Amino acid sequence: MSIVVVVLCIIAVLFIGTYITRRRFGVLGLALCAGYLLSSMWTADVTPWVQGAGIELLAPPLASVVAATLVLLPAVLLLLFGGPTYNGTFFRLIGAAAFALLATSFLLEPLGNSLSLDDTGMSIYRILVDNKSFIITATIGYALYDIITIRVARRDRRR
């Protein structure tokens, strides 16, 4: 399967999931960062444990699936179980697009290890990898900005 199709499917699923749940990107973006750190620290230790549980994969290597799961798990838990939400459609679109872009940037390494790339796929993959640092920096900056701009209702202090 071409990496273009896989990346587009991943982006679409992440975008739609984020848009439907209306979650703010700031918290989700930082959850993706936490997942990326967990993945880089624990993939080598968790993969043998998953193999010992009887799960065997050949087509995508199990290590790639474990790495992708560890990257996405904190953000998916936030999507499903709560967090701040957007009210307007415009910021929901921007937040969902930023989430899909950041998640895809973090998943480039596991995707590259698990897919066989043709010439077109390799050139697109190379473009994404070459711009990965810029994409991650820009989206984390936006996540921090989004967190700073969250308005919390103040409690009545006359108690």
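Which residues line the largest pocket? In this predicted model, local features need pLDDT of at least 70 and side-chain atom pairs count only at pLDDT 80 or more, while totals for chains, interfaces and linings use all residues. Residues are numbered from 1 along each chain as its sequence is written, and side-chain values use heavy atoms, with hydrogens and water left out.

The largest pocket is lined by Tyr-36, Ser-39, Ser-40, Thr-43, Ala-63, Ser-64, Ala-67, Val-71, Phe-106, Glu-109, Pro-110 and Asn-113. Helix 2 (25-52), helix 3 (62-81) and helix 4 are the elements that give two or more residues to this lining. Its space amounts to about 170 Å³. On a 1 Å grid over the protein atoms alone, a pocket is an open set of points where a 1.4 Å probe fits, with protein on both sides within 12 Å along at least five of seven lines, and lining residues have an atom within 4 Å of a point. Volume is the space filled by probe spheres set on the points, which are joined across faces, edges and corners. The lining comprises six nonpolar, five polar and one charged residues (Ala, Val, Leu, Ile, Met, Phe, Trp, Tyr, Cys and Pro count as nonpolar, Asp, Glu, Lys and Arg as charged, and the others, Gly among them, as polar).

The protein chain has six helices and zero strands (DSSP runs numbered from the N terminus, H or I of at least four residues for helices and E of at least two for strands). Its C-alpha atoms fill a box of roughly 65 × 35 × 25 Å along the principal axes.

The axes of helix 4 (residues 89-114) and helix 5 (residues 119-130) come within 10 Å and cross at roughly 150° (axes are lines fitted to C-alpha atoms, for helices over the stretch in contact, and angles run from 0 to 180 degrees between N-to-C directions). Helix 4 is therefore roughly antiparallel to helix 5 (angles over 145 degrees; under 35 is roughly parallel, 65 to 115 roughly perpendicular and the rest oblique). Leu-108, Glu-109 and Gly-112 of helix 4 meet Tyr-125, Leu-128 and Val-129 of helix 5 (contact means heavy atoms within 4.5 Å). Four nonpolar, one polar and one charged residues form this contact.

Helix 4 also packs with helix 6 (residues 132-148), at an angle of about 140° and with axes 10 Å apart. The two helices are therefore oblique to each other. On the helix 4 side, the contact includes Phe-91, Ile-94 and Leu-108, and on the helix 6 side it includes Lys-132 and Tyr-142. By class, this contact has ten nonpolar, two polar and one charged residues.
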